[in-house]
Amino acid sequence: MNERGMLVDPRLDAFFKMEQVDDYKYDGVGTSPPSTSNGIQDTSNGGRLICDVCGDVAFGKHYGINALFGLEDNIHVNSASCKELTISNGQIKRKRMRPETIDKTTQTVGKMEIQDDYEFFEISQENPTPPGLLPVKVERISTPPSDLPVPTDGAIGSAVLEIEKAVFCNCPVAVDNSINATKTPITLPFEYVFRQPELVCNRYPMRFANTRVLTPEDLIDGWRRHFTYYSDWCHAMEEFRALCAEDQILLAKKKIILHGWLVHAYYSYRSGCNGICFANGAAHLAEGGHPSITEFYKECMPRYLNYVIYPMHNFQMDDTEMVLVKCIMFFSNESGLSPAGKSIVSAAREKYLSALYNYGRSLKCTTSAQATLRIAKFMIMLSAITSLTHLMNEGVHVTSLFNIIEFDELIQATHKTTPPQHSPPPPMS
């Protein structure tokens, strides 16, 4: 054996000098018995050659290895079309080919892994596929999800709208003599008059309209009529009645000014007034008005018109949306409540948020994305109302301090910005 034969495996000899390799073609006639590519005769298949590429019966030795067909264009493909052989620069490369006839839409998949923008499927045991076809490499097909179904149940919105109508029309006093009532200051605490709101103001018919210029007396009287209306609305709500007495007072006192801004803005918008209307028919417009009222609303009016009235016009807000937004606003915060109260308020908020979405999706919007966006815009409007509440609290404090408008003790206490004082815990023994 020469030096080269001692150092190199005979099976690799053909790949070092391609021009010295003979292309043998085995046709079963006039040739020696078939042997394997390493020179040893194969007896495991009755004397037949085994293809080193695919394991099938070989037809001869091609470029130093047993192969099925001739190496045409440096590519060898077996009958199953699952492997290819490339010889280049003295190197052999084997690669599993992608079957061309696999229908990717009819394969049964057991598990999917995403890698390099392809999907690799493992065939389930219930419907196995020949091993030569695994893994099947197919391009990812992405389809956009269909829109959510349109809800049809509007019972929650209808129920709270009926409450609103009943409270709004609860006016046993036919004669409007409210202006005279403002001459008597109310010194009773919030906790007491909230249970008996008729002590604050009679339930006269509410008419939000621009019938006269708002005066300080009209402002106080309108505030009182709203107090009675607000107390009636709270006690008509099922979730509010489920709260304990302490939670009721805490929540009602925290939300009364927010409620006032929302309902006055909505009924002013419905009346077509470019300003703020009160239930007694008086209104303050963006231009002109009583000097004391103009000074009182100086900081509030631009924000009120731009971020509350204008969005209501822009969204074409209706009665059902108003009452649902009002419920969401009322049950938007459970801080300070008892654990049971927090649970009730949280559940109520989710309930009315869902109802607002369902109403908007079914009657106002064509897609779920539009309905969600509409709710988001309403929430932005509520944030503006929160800002107005803080401004008004400061306005009442300053106006009372300088006796510009003589607000009574009930109004001043309701507009206090400081948190309520709690009794200190008893000393530990």
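Reader: How many aromatic pairs does the structure hold?

Author: This is a predicted model, where local features need pLDDT of at least 70, side-chain atom pairs count only at pLDDT 80 or more, and totals for chains, interfaces and linings use all residues. Residues are numbered from 1 along each chain as its sequence is written, and side-chain values use heavy atoms, with hydrogens and water left out. Rings of Phe, Tyr and Trp (its six-membered ring) pair if their centres lie within 6.5 Å; planes under 30 degrees apart count as stacked, over 60 as edge-to-face and the rest as tilted. The number of aromatic pairs in the structure is 21.

Reader: Why is the pair of tryptophan 223 and phenylalanine 227 stacked?

Author: Both residues, tryptophan 223 and phenylalanine 227, are buried, that is, under 20% relative accessible area, where exposed is over 50% and partly exposed in between (1.4 Å probe, protein chains only). Their ring centres are 5.8 Å apart, and the pair is stacked because the planes stand at 25 degrees.

Reader: Which helix holds tryptophan 223 and phenylalanine 227?

Author: Helices (H or I, at least four residues) and strands (E, at least two) are DSSP runs, numbered from the N terminus. The two residues are four apart, about one turn of the helix, and both lie in helix 5 (residues 216–236).

Reader: In strand 11, what is the bridge partner of valine 213?

Author: Two strands pair if DSSP finds at least two bridges between them. Strand 9 and strand 11 (residues 280–285) run parallel and are joined by three bridges. In strand 11, valine 213 has as its bridge partner alanine 283.
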